Every structure is written in structure tokens, then in C-alpha cells.
Amino acid sequence: MSLRVCTARVSYRGPDRLDVTRKSGGPAGTPFAPSWALLGPFLKRRSATGLTDADWAAYVAGYKEEMRASYSSRRSEWDALLARGQVTLCCYCTDSDRCHRTILASILVVLGAVYEGERP
């Protein structure tokens with residue numbers, strides 16, 4: 001059976017919730033959260049001037065590179081996530097189209113999961 005993945009804002013409280021933020025994700029979310037080195041400048045730019053498509057593309061590339069490294073160094077945590085029946089990846093972003101939770105969902109799909117979309 002494949003992992004079923006949803007995404008949602010951090011306020012989602014269902015039993016399948018996984019907070020994948022750097023700020024509040026704790027140990028379970030850490031392998032899947034962007035580093036402060038990647039996240040800090042991204043958030044600063046988003047607040048100051050808004051994001052360009054180039055900014056977003058650079059963030060996506062950086063996050064994917066971090067996740068490749070995480071998958072190699074923290075494989076047991078990735079395997080545990082993939083072994084779950086259902087997960088909802090949660091973070092603070094209001095725009096799921098420009099959010100690492102959606103990028104992570106797409107990575108999990110490549111690893112065999114099924115993405116079921118953003119929860120309301």
C-alpha cells in the first residue's frame with residue numbers, strides 16, 4: 001500500500017499531521033524542513049519585495065538538494081515516513097503553490113507515494 005500524502009497549513013490538527021517546519025517541526029519534522037540558511041533569505045525577500053519566479057526556482061533547487069542530502073543521511077526517517085498509510089505535511093505558508101510542503105509531497109510521489117492535494 002502506498003503512502004497517501006496531503007498538505008495543509010500548520011493549523012491542521014488531524015491524526016496524520018506532520019509539522020515539517022524548521023520553527024516548530026521538532027525532531028520528527030527536521031529531516032524534511034528547509035535549513036535556516038535556505039529559508040532565512042527566502043522569507044526575508046518574500047517580506048521585503050515579494051518573490052520573482054527566479055527566486056522561487058532557486059529556492060526549489062536548494063530545497064531539493066537539501067532533501068537529497070537528508071534522504072542519504074537520514075534514510076531511516078524517510079523510510080518510516082514512506083511506511084505510513086497517510087500523512088498531512090504541514091507548514092506556515094499561506095500559498096501552497098510556493099511552499100516546501102508541496103515540493104516535499106512531489107518528492108514523496110517520486111518515491112512511490114500518492115498525492116491527494118491540499119486540505120482546506
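Which residues of helix 4 (residues 75-83) are buried?

Author: The model is predicted. In helix 4, the buried residues are Trp-78, Leu-81 and Leu-82. Viewed down the axis of helix 4, these buried residues fall within an arc of 95°, so they line one face of the helix. An α-helix has 3.6 residues a turn, so residues three or four places apart point the same way. The other side of helix 4 carries Ser-76 and Ala-83, which are exposed.

Now the cover. The buried residues of helix 4 are covered by parts that include strand 2 (17-19), helix 3, strand 3 (86-91) and helix 5 (100-110).

Helix 3 is one of those covering parts, and what covers the buried residues of helix 2 also includes helix 3. Take helix 2 next. Its buried residues are Leu-38, Leu-39 and Phe-42. They cover an arc of only 85° around the axis, which puts them on the same side of helix 2. Ala-37, Pro-41, Lys-44, Ser-47 and Ala-48 are exposed on the other side of helix 2. In length, helix 2 counts 13 residues. From first C-alpha to last, helix 2 reaches 17 Å, close to the 18 Å expected at 1.5 Å a residue. Gly-50 follows helix 2, and the phi of Gly-50 is positive, near 85°.

Then the aromatic rings. There are 6 aromatic pairs, with ring centres within 6.5 Å as the cut-off. One of them joins Phe-42 and Trp-56. The pair is tilted, at 6.0 Å centre to centre and 50° between the planes. Phe-42 lies in helix 2 (residues 36-48) and Trp-56 in helix 3 (residues 53-73), so this pair ties together parts that are 14 residues apart in sequence. Both Phe-42 and Trp-56 are buried.

Tyr-59 and Tyr-63 form another pair. Their ring centres are 6.4 Å apart and their planes are at 10°, so the pair is stacked. Both tyrosines lie in helix 3, 4 residues apart, about one turn of the helix. Tyr-59 counts as buried because its relative accessibility is 4%, and the cut-off is under 20%. Tyr-63 is buried too, with a relative accessible area of 0%. Ring pairs link Phe-42, Trp-56, Tyr-59 and Tyr-63 into a cluster.

One more ring deserves a mention. Tyr-92 has the charged end of Lys-23 over its ring, 5.6 Å from the ring centre.

Finally, the whole chain. The protein chain has 5 helices and 4 strands. From the N terminus on, the order is β-β-α-α-α-α-β-α-β. The radius of gyration is 14 Å, close to the 14 Å that the globule rule gives for 120 residues, so the protein chain is as compact as a globular protein of that length. Along its principal axes, the C-alpha trace spans about 45 × 35 × 25 Å. Of the 120 residues, 42% count as buried. Among contacts with a separation of 6 or more, 76% come from residues 24 or more positions apart.

Terms used. Residues are numbered from 1 along each chain as its sequence is written. This is a predicted model: local features need pLDDT of at least 70, side-chain atom pairs count only at pLDDT 80 or more; totals for chains, interfaces and linings use all residues. Side-chain values use heavy atoms; hydrogens and water are left out. Rings of Phe, Tyr and Trp (its six-membered ring) pair if their centres lie within 6.5 Å; planes under 30 degrees apart count as stacked, over 60 as edge-to-face and the rest as tilted. Helices (H or I, at least four residues) and strands (E, at least two) are DSSP runs, numbered from the N terminus. Buried means under 20% relative accessible area, exposed over 50%, partly exposed in between (1.4 Å probe, protein chains only). A charge sits over a ring if NZ of Lys or CZ of Arg is within 6 Å of the ring centre and within 35 degrees of the ring normal. The expected span of a helix is 1.5 Å times one less than its number of residues. The arc is that of the directions from the helix axis to the C-beta atoms. Contact means heavy atoms within 4.5 Å. The radius of gyration is taken over C-alpha atoms; the globule rule is 2.2 Å times the number of residues to the power 0.38.
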